[in-house]
Amino acid sequence: MDCKILLLVTFYIISKLAYADICELSALFANCSQRGLSQISQNLPEYITKLELSENAITKIGSKAFKTYGKLLILHLANHKISILDSDAFVGLCEFKVLSLTRNRLDHTRYTNNVFRPLKNIQELYLNRNMRSPPPFEKEKVMVHLKILSIDLCGSSDFGIGFLKMMHLQKLTFDHCLACNSKNL
Ligand SMILES: *[C@@H]1O[C@H](CO)[C@@H](O)[C@H](O)[C@H]1NC(C)=O
């Protein structure tokens, strides 16, 4: 066997074994779901494009938490106790397409308004089942490629000008629906 191929195969087997006990790797997909993780795994291959991290015990997304995974397109972070999003939590993920933060403890009054701004190409954002209120939408054009948005809706939701600029939105889902005082809807 060619030496390079042998080296590649060995590397592949070693990397499979190294992560086998924590996450399940198959091609570009890392499944770290239900592993009792309290932090975002930092030792996965840099080339992964999909990371399933749902149903763990993460409480905070720190600064540049995904900087190692610059090729990431899909990230599932549902069913945690995440209440803190650092202002540059998602920095470096400009190709990113799908983010699910469903069923966490996010309260938009506790994270900066533009935390999702680095996700310039995001198409699907799931923020439902959090603190029953959607984040305020920015005044500028951000998340303009968004096609699916799922949020909670409560009394004083302000949809604002940033929402109107989401020209590609095809599906808007409200969870915990209580659409009383919505403005600009
Ligand atoms: C990911 O791992 C969990 C826990 O082992 C399993 O239940 C789930 O089916 C896996 N998901 C996929 C898409 O392989």
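This is a selection-by-selection tour of the structure shown above.

The model is predicted: local features need pLDDT of at least 70, side-chain atom pairs count only at pLDDT 80 or more, and totals for chains, interfaces and linings use all residues. Residue numbers start from 1 along each chain as its sequence is written.

**Whole chain.** Colour by secondary structure. The chain holds two helices and ten strands; helices (H or I, at least four residues) and strands (E, at least two) are DSSP runs, numbered from the N terminus. Along the sequence the pattern reads α-β-β-β-β-β-β-β-β-β-α-β. Of the 185 residues, 28% count as buried. Buried here means that 20 or more other C-beta atoms lie within 10 Å of the residue's own, with C-beta atoms placed from the backbone. Two residues are in contact if their C-beta atoms, placed in that way, lie within 7 Å. Of the contacts with a separation of 6 or more, 49% are between residues 24 or more positions apart.

**The sheet.** Select β1, β2, β3, β5, β7, β8, β9 and β10: these eight strands form an open sheet in that order, with mixed pairing. Strands count as paired if DSSP finds at least two bridges between them. β1 (24-26) and β10 (171-175) stand at the edges with a single partner strand each, so one side of each has no neighbour in the sheet. On average, neighbouring strands are turned by 10 degrees against each other, direction ignored; the axes are lines fitted to C-alpha atoms, and angles run from 0 to 180 degrees between N-to-C directions.

**Strand pairs.** Next, select residues 74-76 (β5) and 98-100 (β7), which pair in the parallel sense over three bridges. His76 is opposite Ser100 in β7. Then move to β8 and β9, parallel and joined by three bridges, where Tyr126 faces Ser150 in β9. β9 and β10 also run parallel, with five bridges; Ile148 has Lys171 in β10 as its bridge partner.

**The core.** The largest nonpolar core has 34 residues, and Leu51, Leu72, Leu99, Leu101, Leu119, Ile122 and Leu125 touch the most other members. The elements giving two or more residues to this core are β8 (124-126) and β9 (148-152). Such a core is a set of buried Ala, Val, Leu, Ile, Met, Phe, Trp, Tyr and Cys residues joined through C-beta atoms within 7 Å. Centre on Leu51: leaving out residues up to four places away in sequence, Leu51 touches Ala30, Cys32, Tyr69, Leu72 and Leu75.

**The ligand.** Finally, select the ligand and Glu24, Asn31, Ser33, Gln34 and Glu52, which surround it (C-beta atom, placed from the backbone, within 6 Å). This shell has no nonpolar, three polar and two charged residues.

How values were computed: Buried ≥ 20, exposed ≤ 12 C-beta atoms within 10 Å, placed from the backbone. Nonpolar A, V, L, I, M, F, W, Y, C, P; charged D, E, K, R; others polar.
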